[in-house]
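Subject: Structure for your review

Dear colleague,

Please find below the structure that I am handing over to you.

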Amino acid sequence: MSVGMLLCDASKLKTKMLPSPQKCLEAINDRLPQLARQKNDALIETTQGATSKLDVIPSSTIEFVESLTFLDEIQEKTQEIEEEANVIRALYDLIEKYNVPAPPEDVAVYQTLTPSVNNMLQA
């Protein structure tokens, strides 16, 4: 490598620095699918739990009040849930775009995210 009038041998520096990006890439390839799966599982659990609570027909005044209270709470969280779904979609888009190895069952579970969120919003 030429630096002005000097000629520098940077081959040793290059051999020392090159493994660092490779290790970072390996760490990302290991962690990204795990993170996406964890976030996806948590959000699906939240939306399915909310859907099941919203589907219950109250049979007493107390249950009706609890149902209305829960409805208020979930309406306040709707935007937060949609934002989290967008984050998860972005993670899986990265996995697909950069061919990050992810277990097929994780991708299959991810496919249930949008219907799960939509079911909750329609309940």
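**Salt bridges**

The side chains of Lys-39 and Glu-84 come together in a salt bridge, with 3.3 Å from N to O. Because Lys-39 belongs to helix α2 and Glu-84 to helix α3, this pair ties together parts of the chain that are 45 residues apart in sequence. Lys-39 is partly exposed, at 27% relative accessibility, and Glu-84 is likewise partly exposed, at 25%. Please keep in mind that the model is predicted.

A search of the whole structure gives three salt bridges. Another of them is formed by Arg-37 and Asp-41, at 2.8 Å from N to O. These two residues both lie in helix α2, four residues apart, which is about one turn of the helix. Both are partly exposed: Arg-37 has a relative accessibility of 24%, and Asp-41 has a relative accessible area of 30%.

Arg-37 also meets the side chain of Asp-106 in a salt bridge, here at 2.2 Å from N to O. This pair links distant parts of the chain, since Arg-37 is in helix α2 and Asp-106 in helix α4, 69 residues apart. Asp-106 counts as buried because its relative accessibility is 9%, and buried means under 20%. Through shared partners, Arg-37, Asp-41 and Asp-106 are joined into one network of salt bridges.

**The aromatic pair**

How many aromatic pairs does the structure hold? There is one. Tyr-92 and Tyr-110 form this pair, and their rings are stacked, with 4.2 Å from centre to centre and 15° between the planes. Tyr-92 lies in helix α3 (residues 61–97) and Tyr-110 in helix α4 (residues 104–110), so the pair ties together parts that are 18 residues apart in sequence. Both tyrosines, Tyr-92 and Tyr-110, are buried.

With its neighbours within four places in sequence left aside, Ile-95 is in contact with Leu-32, Pro-33, Ala-36, Val-100 and Ala-102.

Is Ser-116 buried or exposed? Ser-116, which lies in helix α5, is buried, with a relative accessible area of 6%. Leaving aside neighbours within four places in sequence, Ser-116 is in contact with Ile-44, Thr-47, Gln-48 and Thr-51.

Gln-122 also lies in helix α5, but Gln-122 counts as exposed, at 67% relative accessibility. The C-alpha atoms of Gln-122 and Thr-51 are 8.7 Å apart in space, while the two residues are 71 residues apart in sequence.

**A nonpolar surface patch**

Finally, Phe-64, Val-65 and Leu-68 make a nonpolar surface patch of about 270 Å². Leu-68 is found in helix α3 and is partly exposed, with a relative accessible area of 41%.

Yours sincerely,
A colleague

Terms used. Residues numbered from 1 in each chain as written. Predicted model: local features only at pLDDT ≥ 70, side-chain atom pairs only at ≥ 80, totals over all residues. Heavy atoms only, no water. Phe/Tyr/Trp six-rings, centres within 6.5 Å; stacked < 30°, edge-to-face > 60°. Buried < 20%, exposed > 50% of the residue type's maximum accessible area, 1.4 Å probe, protein only. Patch = residues over 30% accessible without salt bridge, like charges linked within 9 Å, V, L, I, M, F, W, Y side chains within 5 Å. Areas by Shrake-Rupley, 256 points an atom, 1.4 Å probe, with all protein chains shown as cover. Salt bridge = Lys/Arg side-chain N within 4 Å of Asp/Glu carboxyl O. Contact = heavy atoms within 4.5 Å.
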